[in-house]
Amino acid sequence: MMTLEALLSPRLSLCHLAGSSKKKLLLNIAQAIAEQYPQHDSDTTFNQLIARERLGSTGIGEGVAIPHCRLPGCEQPIGVLCTIEPAIDFDAIDRQPVDLLFVLLVPEDSEQQHLDTLAEIAALFSNSQVRDKLRKAESSDELYALAIDSAAAA
């Protein structure tokens, strides 16, 4: 398993991200990834994330979603952590709006690592204390630090 620290960077920890819909939010995130990783075109990333959402919502409940996809040309997994304001409808299994999001992009051929990493992220977000801490973050740097500390303590 990759550590959260290896997946996430302070620049892709986005506090109070706005998005009026699931599509708009994923587009904003794809653009943020392209700024950080210019080799990843925002349209390709967005289209891969949307294609995955069409298979079934990645909203796992309790206000959390973990959009994920395999990305052509991706050499190592990339994570993006966001708090969303206001919460948006994400077709989550519990029908609750989503305000906490972790996007995971993985290389096309890393199936087992992809599943293992998703399971670890889901386990971290299943902890109500972790969710509460992350939701209280006031800045992107604080969000990143809280996530890394929470993962290390888990």
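Predicted model: local features only at pLDDT ≥ 70, side-chain atom pairs only at ≥ 80, totals over all residues.
In helix 5, which covers residues 128-135, the buried residues are V130, R131 and L134. Because these residues cover an arc of only 100° around the axis, they are placed on the same side of helix 5. An α-helix has 3.6 residues a turn, so residues three or four places apart point the same way.

The elements that cover the buried residues of helix 5 include strand 3 (64-65), strand 5, strand 6 (98-107), helix 4 (111-125) and helix 6 (140-153).

## Helix 6

## Strand 1 and its partner

Strand 1, made up of residues 13-17, is largely enclosed by the rest of the structure, because four of its five residues are buried. Strand 1 runs parallel to strand 5 (residues 78-88), and three bridges join the two; within this pairing, L17 stands opposite I84 of strand 5.

## The cysteines

The number of disulfides comes to zero. A disulfide would require a pair of cysteine sulfur atoms within 2.5 Å, whereas the sulfur of C15 is 9.7 Å from the closest cysteine sulfur, that of C82, and therefore too far for a bond. Seen from C82, the closest cysteine sulfur is in C15, again at 9.7 Å. Both residues are buried, C15 with a relative accessible area of 14% and C82 with one of 0%.

## The loop at S57

S57 lies in the loop between helix 3 (42-55) and strand 2 (59-61), where it is partly exposed, with a relative accessible area of 25%. Leaving aside residues up to four places away in sequence, S57 touches K22, F90, D91 and A92. Of these, A92 is 35 residues from S57 along the chain, yet the C-alpha atoms of the two are separated by 6.2 Å.

The side chain of S57 also takes part in polar contacts: it reaches the backbone oxygen of F90 at 2.6 Å, and one of its polar atoms lies 2.9 Å from the backbone nitrogen of G59.

Terms used
Residues numbered from 1 in each chain as written. Heavy atoms only, no water. Buried < 20%, exposed > 50% of the residue type's maximum accessible area, 1.4 Å probe, protein only. Pairing = 2+ DSSP bridges. Arc of directions from axis to C-beta. Contact = heavy atoms within 4.5 Å. Polar contact = N/O pair within 3.5 Å; in protein donor to acceptor, adjacent residues only side chain to side chain.
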